[in-house]
Amino acid sequence: MMKRLCTLLGLAAAILATSTARAADFKVGLSLPTQREERWVKDKQVMEAEAKKAGIDLRVQVTDNDAAKQVAQCENLISQGVKVLILAPHDASSAAVIIDKAAKAGIRVISYDRLVTNSPLDYYYLSFDNVKVGELQGEFITRKVPKGSYIVLAGSPTDNNAKLFREGAMKFIKPLADKGDIKIVMDQFVKDWQPSEAQKLCEQALTANQNKVDAVLAPNDGTAGGCIQALAAQGLAGKVPITGQDAELAGAIRIVQGTQSMTIFKDTRELGKRAIQMALELANGKPIDTQGRTVNNGKKDVPSVLLTPFIVTKDNLDEQLIKSGYLTREKVYRK
Ligand code: BGC
């Protein structure tokens, strides 16, 4: 009896594996946290273009940094019959419920750029090496300012990436702080990655320390922009080294003008392309080869595809961002 059941199951699996879903036959859901930052606008554009090429019906929802709204929007995508859900969570742990709901409906999930945490279920993670992002920021800023007073900002506390970036950067900052060479005068997460919040925090730190701040660890270009406004108001823009991330046009312009010291280039074109490829593979029942790479989500190791981030300074900006076609020379060097 048991043997016959196994044979039948094996037969069913074989039939499923060979009945390749044609792209045009299926819908993919995409749930994004925001469109207020340039990088997420690019992610959306790339995935829309790639889906169009593959003939996939991509259904996009933007949550605008609202965890409850994201759950509702994903429920809606699930009820529209998507086969795969590409999910960039606003709130890492509350998004676990979305994975539950998708699993119940037989939908595969790709946790996109940001990891969904604390889910015991099966899904994939597609992102960059985010600890490495933080390491590049931390190594850069501590080389430039090995001693002095630091403002240390991290991204949104609801975003697992914010923790990973901080972890990477602190590998370089903490030993120097422990030694007493670096004094951390502020250490804060920035609500929803908001530039205005970052600006407020920097203003507070500058006031509390009579402007005696030597370096700022800003987790991305948006928050760096806010901090640079605070620095500029005190005549300190360009004098205090400050990090960034995302290779946004505004960040690149500030690097060229000398008010921001670096950024991190994460090629969202590549990430978006991979997401659509993975969605196609999952819809066709193919396993994704992650070469054994995993990231722990608090409950389990999630199979992960992690792309490489690159550091960008004034010296290699042309090479990294302009030659690669990510940004245009006209826009970056506009007068
Ligand atoms: C992304 C960053 C982005 C930040 C704010 C993070 O999860 O990895 O690229 O700057 O969210 O949107």
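A polar contact is a pair of N or O atoms within 3.5 Å; within protein, one atom must be able to donate a hydrogen and the other to accept it, and residues adjacent in sequence count only if both atoms are side-chain atoms. The model is predicted, so that local features need pLDDT of at least 70 and side-chain atom pairs count only at pLDDT 80 or more, while totals for chains, interfaces and linings use all residues. Residues are numbered from 1 along each chain as its sequence is written, and side-chain values use heavy atoms, with hydrogens and water left out.

R114 places a polar side-chain atom 2.7 Å from an oxygen atom of the ligand. For E37, a polar side-chain atom lies 2.9 Å from a ligand oxygen atom, and an N or O atom in the side chain of N161 is 2.9 Å from an oxygen atom of the ligand.

The helices come next. Two packed helices are described by the angle between their axes and the distance between the axes. Helices are DSSP runs of H or I with at least four residues, numbered from the N terminus; their axes are lines fitted to C-alpha atoms over the stretch in contact, and angles run from 0 to 180 degrees between N-to-C directions.

Helix α2 (residues 38-54) packs with helix α10 (residues 268-283) at about 40 degrees, their axes 8 Å apart. Residues in contact (heavy atoms within 4.5 Å) include V46 and M47 of α2 and L271 and I276 of α10. By class, the contact of α2 with α10 has 8 nonpolar, 2 polar and 6 charged residues, where Ala, Val, Leu, Ile, Met, Phe, Trp, Tyr, Cys and Pro count as nonpolar, Asp, Glu, Lys and Arg as charged, and the others, Gly among them, as polar.

Helix α5 (residues 130-144) and helix α6 (residues 160-179) pack at an angle of about 35 degrees, with axes 7 Å apart. Among the residues making this contact are V133 and I141 of α5 and N161 and F165 of α6. The contact of α5 with α6 comprises 9 nonpolar, 7 polar and 4 charged residues.

Helix α7 (residues 195-208) meets helix α8 (residues 221-233) at about 40 degrees, with their axes 7 Å apart; α7 and α8 are therefore oblique to each other.

Technical notes. Helix = DSSP H or I, 4+ residues; strand = E, 2+ residues; numbered from the N terminus. Parallel < 35°, antiparallel > 145°, perpendicular 65-115°, else oblique.
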